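Hi everyone, thanks for coming.

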Amino acid sequence: MTVCAIEMTTTDPFTIAADGSYAARLAGVGDARYVERWTLGGPEPYAVPLPLAQPEEPDSEVLPLADGRVLIRRRVADRHAFALLYPSGAAAGPRTGELQLGGVAAEDGVRVRLLPPGPDGHGGFALAVTGAGSTVWQVAGSATGPRAVARIAGRCSGGVWLDRAGRLLALDRELDGATKAVVVDLGRGGEVSPLLQITEDSEDRLLLADPDSGLLLIRSDAAGEPRLGWGVLGSSLPVRFPECLRADGATAVPFAVQPGQALMPETCGVAMRLADGGLALWRPADRHVFRIGPPAGWLGGTGLWTAEGRLHLPYSTPEVPCGVVGTSLPAAPPRPVRLEPPAEEARAPRPVPLQQAPLR
């Protein structure tokens, strides 16, 4: 295992495509921002700058597609405009090609942001939130420009894809004073169904999901304080809140799950970004969390976990502007043999069932 000394982690967003082929970020500093695309699918990572005549605003968002183009959201006057950027390859003229996709009105009180990359690698979606409700827009992959594909009552946040087809989207919906994760079925006109209902009054949010194994990473205060827990999509088994995750349960952010572990959610490696900028590795089958130092210049606190169990972490430093370092989750120490559980575990709140998700 490679362990690196803890160094400064960059906070600028760095987004990796669903298939791990490309990544994108806003590079540069101050008023000299430009889109930078990383190619991750080859033997060595490399970056391609995609500058335009006018610098990008710091609040613009970028999202890589599997074909190498980069979706960008910009605030332009009274609307949020979307475009696809790509290397032009022209011998003369601009190095960056741009395809305008249209926009969404930026009315007062409307917040618009890009959702995580679609699982198919080709679609791009955005979430618009107002005081009256939320709308999911398809902004890339549609022949007619941006179109509303789902309207949801309540204020939504988050955004996690539950399947490989890009049909089932989980959102955390605030409605009637409580926040619960719901499933939005984009294949059925945006039909909304409950996903998490741990207790009636608890705040139940979905942080991450793996479509292969069905593993769900959850944050809930059902036990009286914000805790990290895990469950299985479509299962009636209880949500578990491991004691080893309790110390970081309120602030740790899971960002990558080992894919390809069909029907074995307990064996999936999970990577989490800690509040102090550190990195934690864990799997549900273990009672131990490994805390390691990420590489210097770790980009956005993100990474990609391969099916073979290798976690790839992107970083950028003056010496290495485009780099990826790999690490693996080590074997957990053996569990102690005990005839009786300790008093702390005996008093712990009993896990409650995860509401079965409607997978139609």
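Let me begin with a question: is Phe14 buried or exposed? Phe14 is buried, with a relative accessible area of 4%. Please keep in mind throughout that we are looking at a predicted model.

The structure holds three aromatic pairs. In one of them, the ring centres of Phe14 and Trp38 are 5.0 Å apart and the planes stand at 80°, so this pair is edge-to-face. Phe14 belongs to strand β2 and Trp38 to strand β4, so the pair ties together parts that are 24 residues apart in sequence. And what about the accessibility of Trp38? Trp38 counts as buried too, because its relative accessibility is 0%.

For β2 and β3, the latter covering residues 22-27, the run is antiparallel, and three bridges join them. If you want to find one of these on the screen, look for Thr15, whose bridge partner in β3 is Ala24.

Moving on from β3, we come to Gly30, in the loop between β3 and β4. Gly30 is partly exposed, with a relative accessible area of 46%. In sequence, Gly30 is 28 residues away from Pro58, yet their C-alpha atoms are 7.6 Å apart in space.

How does the chain look overall? Its 360 residues include one helix, and there are 28 strands. Buried residues make up 50% of the chain. The exposed surface comes to about 17000 Å², with carbon and sulfur atoms supplying 53% of it.

Next, the inside. The largest nonpolar core has 16 residues, and Leu162, Leu195, Leu206, Leu216 and Ile218 touch the most other members. Strands β15 (168-175), β16 (178-185), β18 (204-209) and β19 (215-220) each supply at least two residues of this core.

Let's stay with β16 for a moment. Four bridges join β16 to β17, residues 191-194, and the two run antiparallel. Among the residues involved, Val183 has Ser193 as its bridge partner in β17. Together, β16 and β17 form a hairpin with five residues between them, and Gly189 in the turn has a positive phi of about 70°.

That brings me to backbone angles. Most residues other than glycine have a negative phi. Asp176 sits in the loop between β15 and β16, and it is exposed, with a relative accessible area of 78%. Another is Leu263, also not a glycine, whose phi is positive and near 65°. Leu263 lies in the loop between β21 (253-257) and β22 (270-273). Is Leu263 buried or exposed? With a relative accessible area of 77%, Leu263 is exposed.

How values were computed:
Residues numbered from 1 in each chain as written. Predicted model: local features only at pLDDT ≥ 70, side-chain atom pairs only at ≥ 80, totals over all residues. Heavy atoms only, no water. Pairing = 2+ DSSP bridges. Buried < 20%, exposed > 50% of the residue type's maximum accessible area, 1.4 Å probe, protein only. Areas by Shrake-Rupley, 256 points an atom, 1.4 Å probe, with all protein chains shown as cover. Phe/Tyr/Trp six-rings, centres within 6.5 Å; stacked < 30°, edge-to-face > 60°. Core = buried A, V, L, I, M, F, W, Y, C linked by side-chain atoms within 4.5 Å.
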